[in-house]
Amino acid sequence: MSRAYLTFKYAFIAVWASFVAGPFVWALTTSFKDANGVQGGATYLPWVDYKPTTRGWQDIFGGEGGVNVIQPFLNSLQITVLASAISLVLGSLAAYGLSRYTYRIGRMKNADIVFFFVSQRIMPPIVLVIPFFFLLQFAGLLDSIPGLVIVTVALLLPIAVWVMVDFFNNIPREIDEMAMLDGCHPFAAFVRTILPNSLPGITVAAMFCAVFGWNDFFFAFRLTFTEVQTLPQAVVALNSSIPPWWTLSAASLFGISPLVLLAVWVERYLSRGNLAGAVR
Amino acid sequence: MDGMRRYKSMFLLPGLLTLFIIIIFPLLFTIRVSFSGWNVSNPHMDFIGGANFVRMLADHRFWASILRLILLAGGTVLIEYVLGFALALMVWRNVRGQRVWRVLFLVPMMTTPVVMAAIWQTIFNESLGPVNDLLGRVGLPTVQWLTSTGPATVALMTVEIWQWTPFMFLLLLAGLLSLSKEPFMAAAIDGAGPVRTFFKVTFPLMAPVSVTALIIRLIEASKMSDSVYVLTSGGPGSSTETPGYYLYIRGLKEQQTGYAGSLSLTYLVLMIVTLTIVSRLLVRTLKTRTG
């Protein structure tokens, strides 16, 4: 590698890293500002440009004139965990079936069924949300956690199937055939031999489910109102009033922190090529 | 054999039926409601024939939003692909701080789009935000980021690229890591330089991964509306409106359920057709030329 290329490479990495980190650094400094630090124009360095306070952080945990993000946090957590769990169970069962057996539904074969699952991602949320509103209203599930879980499953199930099918395809059939020859029920073979061998794949699928479940805004925005507010909703609600930027920044950082920590943890699974099956 | 058949369907059916039931009602409802005059003053499932579709044909705001979405999604996804590929190649091997870069480059994808769009709005704020402040410090004129058409589009694309290049990066890096070493050794023995190796070996081998990554991102980008809602609210005027956002105004704010139904249906069909054609073309150009 030539010297010029190396210089270019590290410069490029440094520029992109700053671009990626910029909004986080800005939000972090802003979360310690008050009106004086915001209204005179952009300020950057605490103690130099502005006097840091913890006002924003107090406000998001029930401080005066702020909001409490604890309840929205718990709502988001419940919805994400439940919807991800349902999607992973249904998705890995379906994916295992699709990787081991041959199906025919009318003219649809296995590849078409996989495509049916994945193609549901194409549905714009706005197209689904109006009918869902009436459906959930009819079922009495509007503005409730179960209602939002059902809707979120529609978003996550295609992702779970997409990641898991290719993963199961790469696990040798001999493993479950051996187990079944030993007299194992097909389900028992799946649970005892396949699942333990697919933990990295399940981790990747679970990560995608968690990301898209946690980050959903639109469904929660239109299908829940006062009883169940999710974290993205709570943050955006802060944005729509005259924005106290320090509260908005603190709430944003709090809202994205669980998944940022998840990113640090799952990177090792992703980079080992566990996603390789799904991208080919 | 009969026993096998039973187990077979017990694996697939729960998931398939769940998804089918969740999706089929909204779809049927949308088809039916698009032929009705349902709106806020007349909330009934009556039948008015194709009147909504006739009205839609003359709705310039809708067609403009469709065209804008195609340009916006196509443009951002292409930029994301080039940047994501470059970044994946750079941290693939022989790089110091490999793990740190890989984690950092993934992070934006994990953050909530609407929440980050709210932060970006403060960054692009015309009088108090850091972008105009820094432009001013280096002696450049300030820009009306969120209240004039061109800059608002640039701001929107910046946010999308920041958020989703990591996804491209992730898929392409996974693809690079799964490549076997032999073709690269062969290229090295033939004395091929890095540029030649990229175009003759790396890029062709990465064609299937590239196709998958591009298609997935195009599908996701075709639904773009949350960031528009928070960042520009479709403005100034309706100059950054995407169909998703326009539908939100017609269907939810103004509650023209029937008309929004016909727009939804058209939007969905147009996206399915466009994406199918684009995927076919991608598969053909990338896979056959290199295959």
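A crossing of two helices is called left-handed if the near helix is turned anticlockwise from the far one by less than a right angle, and right-handed if clockwise. The model here is a predicted one, with local features needing pLDDT of at least 70, side-chain atom pairs counting only at pLDDT 80 or more, and totals for chains, interfaces and linings using all residues. Residues are numbered from 1 along each chain as its sequence is written, while chains are lettered from A and ligands numbered from 1 in the order in which they are written.

In chain B, helices α4 (residues 98-110) and α7 (residues 149-177) pack with their axes 7 Å apart, at an angle of about 125 degrees. Helices here are DSSP runs of H or I with at least four residues, numbered from the N terminus; axes are lines fitted to C-alpha atoms over the stretch in contact, with angles from 0 to 180 degrees between N-to-C directions. The crossing of α4(B) and α7(B) is left-handed. On the α4(B) side, B:F105, B:L106, B:P108 and B:M109 do the touching, and among their partners in α7(B) are B:W162, B:W164 and B:F167 (contact means C-beta atoms, placed from the backbone, within 7 Å).

Then there is the chain interface: 72 residues of chain B contact 75 residues of chain A. Helix α1 of chain B (residues 2-33) gives the most to chain B's side, with 15 residues.

Finally, α12(B) (residues 243-253) is largely enclosed by the rest of the structure, because eight of its eleven residues are buried, that is, have 20 or more other C-beta atoms, placed from the backbone, within 10 Å of their own. B:Y245, B:Y246 and B:R250 are among those buried. After α12(B) comes B:Q255, with a positive phi near 55 degrees.

How values were computed:
Helix = DSSP H or I, 4+ residues; strand = E, 2+ residues; numbered from the N terminus. Contact = placed C-beta atoms within 7 Å. Buried ≥ 20, exposed ≤ 12 C-beta atoms within 10 Å, placed from the backbone.
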